[in-house]
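Hi everyone, thanks for coming. Have a look at the structure on the screen, and then I'll walk you through a few spots in it.

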Amino acid sequence: MDKNKPFVGGIVYQIYPRSFKDSNGDGIGDLPGIVSKLDYVKSLGIDIIWLSPVYPTPNADFGYDISDYKAINPELGTMEDMDRLILEARKRGIRIVMDLVVNHTSDEHPWFLASKDPNSPYHDYYIYKRGKKPGVPPNNWSSNFGGPAWEYIPELDEWYLHLFSKKQPDLNWRNPKVLEEVESILRFWLDKGIYGFRCDVINQIYKESFDDGKWKPWLIGQEHYLMKEGNHLILKRLHDDVFAHYDCMTVGETYDVDFENAKRFLDGELDLVFQFDTMNADKFIVPIFVRKHWQPAFKKSLIGWEGAVDWNAVYLENHDQKRSVSRFGSPGFHSLSAKMLGTLLLTLRGTPFIYQGEEIGMVDYPLFKKKEYQDPVNFWLYGLLRRIGFSDNRCLKFVDNMNRDHARIPMQWDETAAAGFSSNQATWLPVHPNHREINVAKEEIDGESILNYYRKLIALRKKDGALTYGSFEPVKTNSRIFAFYRRYEGKTRFVLLNLTARKVGLPKQIRSLRGEVLLSNYEGAGLTYKKFLRPYEALIAEIR
């Protein structure tokens with residue numbers, strides 16, 4: 001851990017551009033809208049903004065299917081708007097991190113269009129294979145978006161690999177030209193003043209073999225491409241060729257990463273990785289089923305990762321996850337549970353990532369109707385469940401358990417019709433009906449709001465070396481309580497959290513502690529002689 005690197009002491013705020021702020025009234029967020037809200041972002045105490053993709057895209061996966069890596073999506077603005085965003089953010093001491101999506105491109109990218117000519121050099125930019133036999137894909141791998149991971153092109157009599165949508169063909173990272181192209185893309189944006197990249201599904205870009213995968217109820221074939229040796233070699237090359245020559249940061253989306261591979265990724269390949277264990281704490285193997293008692297797995301994951309690596313990304317929400325208050329909090333204790341989760345996020349050791357709206361306690365949308373879906377996975381899953389024989393209502397509820405649209409509904413700025421997100425009420429995803437109760441404008445003037453609590457948390461963390469750089473030492477408790485020490489340069493901070501909506505008694509080793517509470521989500525909370533925690537109670541104390 002190098003304290004001189006800005007991301008180590010900094011706070012990251014993720015913006016999903018389509019849903020943050022619409023400046024031109026078309027119902028879609030854009031870059032000028034983001035610029036207009038930079039003072040708000042700065043007021044939170046944010047140091048780095050991570051932008052979900054802003055490149056041209058056919059919107060098969062809303063930016064994660066890129067058709068031009070060196071341009072801006074016209075729906076979101078122009079390159080001049082992007083330059084202005086970088087400049088205006090820099091004026092406020094904020095750096096910009098972009099999304100890097102290089103496991104696949106759009107099927108409308110010029111490379112892929114040219115690749116359909118078997119004599120073109122671009123044919124080898126993608127993974128084309130002959131079928132096992134006529135009409136049968138090369139192997140049994142399944143797509144993350146449902147169905148086989150192969151699409152047949154009759155004129156070639158070949159199949160191309162797509163681990164996601166068929167409109168997202170996988171790049172062939174065995175071809176050195178692909179690496180050269182990506183390095184050119186990286187330098188283009190870094191030379192513009194970008195601070196770095198969040199690297200999408202970066203631990204599966206190298207396919208080690210194309211053998212059949214072992215059967216699983218979800219995602220067949222991963223043993224042949226997740227975290228293979230070639231993956232590490234590619235990332236080391238990108239680091240040495242490009243990233244080592246810039247003041248920048250990289251964070252990898254690394255699905256199913258284990259401790260061993262994370263340590264390798266963090267040793268001269270990437271600066272941070274997103275682990276998924278914590279986000280899967282309330283899921284079963286098939287994620288349409290949710291676990292009611294998630295606290296044991298949640299705690300085990302966080303404690304395990306805090307101990308396994310010295311410094312990493314910590315997060316509770318992003319554009320692919322349902323809202324943390326809806327998952328790990330309670331509607332009956334909305335403010336208290338949102339503040340408890342914020343306290344946890346901002347007191348863990350590592351770089352905190354806050355997702356837009358998390359700081360005001362945004363929650364999941366009420367049950368989506370099929371006609372309201374935008375997430376492409378929803379349509380496949382709904383159709384599959386209907387074919388199996390589930391009722392419409394049951395299908396909607398199962399899809400709802402993993403629907404990414406929840407995180408992507410418009411940001412709630414005020415109580416006006418479109419929540420201050422747009423002047424157009426026909427927004428690309430529906431506005432949450434609770435925006436009149438949960439919005440930035442209302443929370444700005446409420447000193448006890450979730451928003452102002454986040455500001456206090458961030459300010460406390462940034463001025464307190466123990467909360468920023470201190471060691472992480474968990475206290476053994478039952479699964480309902482999460483407690484840990486942060487120690488640094490002779491200072492000790494103690495964090496105590498109730499993960500449930502029930503009053504819980506404290507163990508003897510905590511009841512004996514003496515200290516001054518620095519911040520709590522309950523007014524007048526103390527630590528000395530404390531015997532129990534109230535629902536979702538959270539506190540940070542200085543131990544004497």
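Okay, one definition to begin: helices (H or I, at least four residues) and strands (E, at least two) are DSSP runs, numbered from the N terminus. Also, residues are numbered from 1 along each chain as its sequence is written. This is a predicted model, where local features need pLDDT of at least 70, side-chain atom pairs count only at pLDDT 80 or more, totals for chains, interfaces and linings use all residues, and side-chain values use heavy atoms, with hydrogens and water left out.

Let's start with N73. You'll find N73 in the loop between β2 (48-51) and α4 (79-91). Is N73 buried or exposed? Buried means under 20% relative accessible area, exposed over 50%, and partly exposed in between (1.4 Å probe, protein chains only). N73 comes out at 6% relative accessibility, so N73 counts as buried. Leaving out residues up to four places away in sequence, N73 touches V54, Y55, P56 and T57; contact here means heavy atoms within 4.5 Å.

Next, the sheet. Two strands pair if DSSP finds at least two bridges between them. Eight strands make an open sheet with parallel pairing, in the order β9-β8-β7-β3-β2-β1-β11-β10. At the edges sit β9 (272-274) and β10 (313-315), each pairing on one side only. Inside that order, β7 (residues 196-199) and β8 (residues 249-253) run parallel and are joined by four bridges. R198 stands opposite V251 in β8.

Now the rings. Rings of Phe, Tyr and Trp (its six-membered ring) pair if their centres lie within 6.5 Å; planes under 30 degrees apart count as stacked, over 60 as edge-to-face and the rest as tilted. The structure holds 40 aromatic pairs. One of them is Y469 with Y488, a tilted pair with 5.7 Å centre to centre and 45° between the planes. Y469 lies in helix α17 (residues 465-469) and Y488 in strand β13 (residues 481-488), so this pair ties together parts 19 residues apart in sequence.

Last stop, the cysteines. How many disulfides are there? A disulfide is a pair of cysteine sulfur atoms within 2.5 Å, and by this rule the count is zero. Take C248: its sulfur is 9.6 Å from the closest cysteine sulfur, in C199, and that is too far for a bond. C199 is buried, with a relative accessible area of 2%, and C248 is buried too, at 12%.
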